[in-house]
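Please open the model in a viewer and keep the sequence panel at hand.

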Amino acid sequence: MDILVEIPCFNNEDSIEYVVQQAGIGLAKYFLDQKCALFVCAGGSLDDTRERVYETPTPEGVLKRVTIYRGLPGKGSSLRGVFELLILSKAKAAAMMNSDLSSITPE
């Protein structure tokens, strides 16, 4: 993997789709020649956050994965999950987005 965009979240079913959509568009637009992935880690979310991520279309060539982090519920736990994946993935570059950004753009 070349570029990894990580989105830690906790109960963000109302905002996560927009963030995933915009991040995916940005990866496809600016890094088409790279292996790109979106990784959403739900820190024990009890709402439909994960389902909303799965339902959100992403551009071709952008891999999308969602996981649950087992531990204390909250965004802090999901942060641990995204950092663990970053170490394991050996991505060349990474960015982290907040799961409830309403001002995010593909840029």
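Helices (H or I, at least four residues) and strands (E, at least two) are DSSP runs, numbered from the N terminus. The model is a predicted one, in which local features need pLDDT of at least 70 and side-chain atom pairs count only at pLDDT 80 or more, while totals for chains, interfaces and linings use all residues. Residues are numbered from 1 along each chain as its sequence is written, and side-chain values use heavy atoms, with hydrogens and water left out.

**First stop: the largest pocket**

On a 1 Å grid over the protein atoms alone, a pocket is an open set of points where a 1.4 Å probe fits, with protein on both sides within 12 Å along at least five of seven lines; a cavity is a set from which the probe cannot get out, and lining residues have an atom within 4 Å of a point. Grid points are joined across faces, edges and corners, and a volume is the space filled by probe spheres set on the points.

Select Val5, Leu27, Phe31, Met97 and Pro106, which lie nearest the centre of the largest pocket among its 17 lining residues. Strand E1 (3–9), helix H1 (16–30) and strand E4 (93–96) each give two or more residues to this lining. Which element supplies the largest share of the lining? Helix H1 does, with 5 residues. The volume of the largest pocket is about 210 Å³.

Colouring by class shows 13 nonpolar, 3 polar and 1 charged residues in the lining. Here Ala, Val, Leu, Ile, Met, Phe, Trp, Tyr, Cys and Pro count as nonpolar, Asp, Glu, Lys and Arg as charged, and the others, Gly among them, as polar.

**Second stop: the nonpolar cores**

A nonpolar core is a set of buried Ala, Val, Leu, Ile, Met, Phe, Trp, Tyr and Cys residues joined through side-chain atoms within 4.5 Å. Buried means under 20% relative accessible area, exposed over 50%, and partly exposed in between (1.4 Å probe, protein chains only). In soluble globular proteins, nonpolar side chains tend to be buried together.

Select Ile7, Ile16, Val20, Leu27, Leu38 and Val40, which touch the most other members of the largest nonpolar core, a set of 18 residues. The elements giving two or more residues to this core are E1, H1, strand E2 (36–42) and strand E3 (62–68). H1 gives the most, with 6 residues. Apart from this core lies another, of 7 residues, including Leu4, Ala37, Cys41 and Ala91.

Next, centre the view on Ile7. Leaving aside neighbours within four places in sequence, Ile7 is in contact (heavy atoms within 4.5 Å) with Ile16, Val19, Val20, Phe39, Val40, Cys41, Val82, Met97, Asn98 and Ser99.

Ile3 is also in strand E1 and counts as buried at 12% relative accessibility. With residues up to four places away in sequence not counted, Ile3 touches Leu27, Phe31, Gln34, Lys35, Cys36, Ala37 and Ala93.

Beyond residues up to four places away in sequence, Gln22 touches Ile104, Thr105 and Pro106.

**Third stop: the salt bridges**

A salt bridge is a side-chain nitrogen of Lys or Arg within 4 Å of a carboxyl oxygen of Asp or Glu. By this rule the count comes to 2 salt bridges.

Select Lys92 and Asp2, whose closest N and O atoms are 3.2 Å apart in a salt bridge. Lys92 lies in the loop between helix H3 (75–89) and E4 and Asp2 in the segment before E1, so the pair ties together parts that are 90 residues apart in sequence. Lys92 counts as exposed at 68% relative accessibility, whereas Asp2 counts as buried at 13%.

Select next Glu107 and Lys29, whose side chains meet in a salt bridge (3.5 Å, N to O). This pair links distant parts of the chain, with Glu107 in the segment after E4 and Lys29 in helix H1, 78 residues apart. Glu107 is exposed, with a relative accessible area of 63%, and Lys29 is exposed at 53%.

**Last stop: two backbone angles**

Select Asn11 in the loop between E1 and H1. Asn11 has a positive phi of about 55° although it is not a glycine, and it counts as partly exposed at 33% relative accessibility. Finally, select Lys90 in the loop between H3 and E4. The phi of Lys90 is near 55°, a positive value in a residue other than glycine, and Lys90 counts as exposed at 69% relative accessibility.
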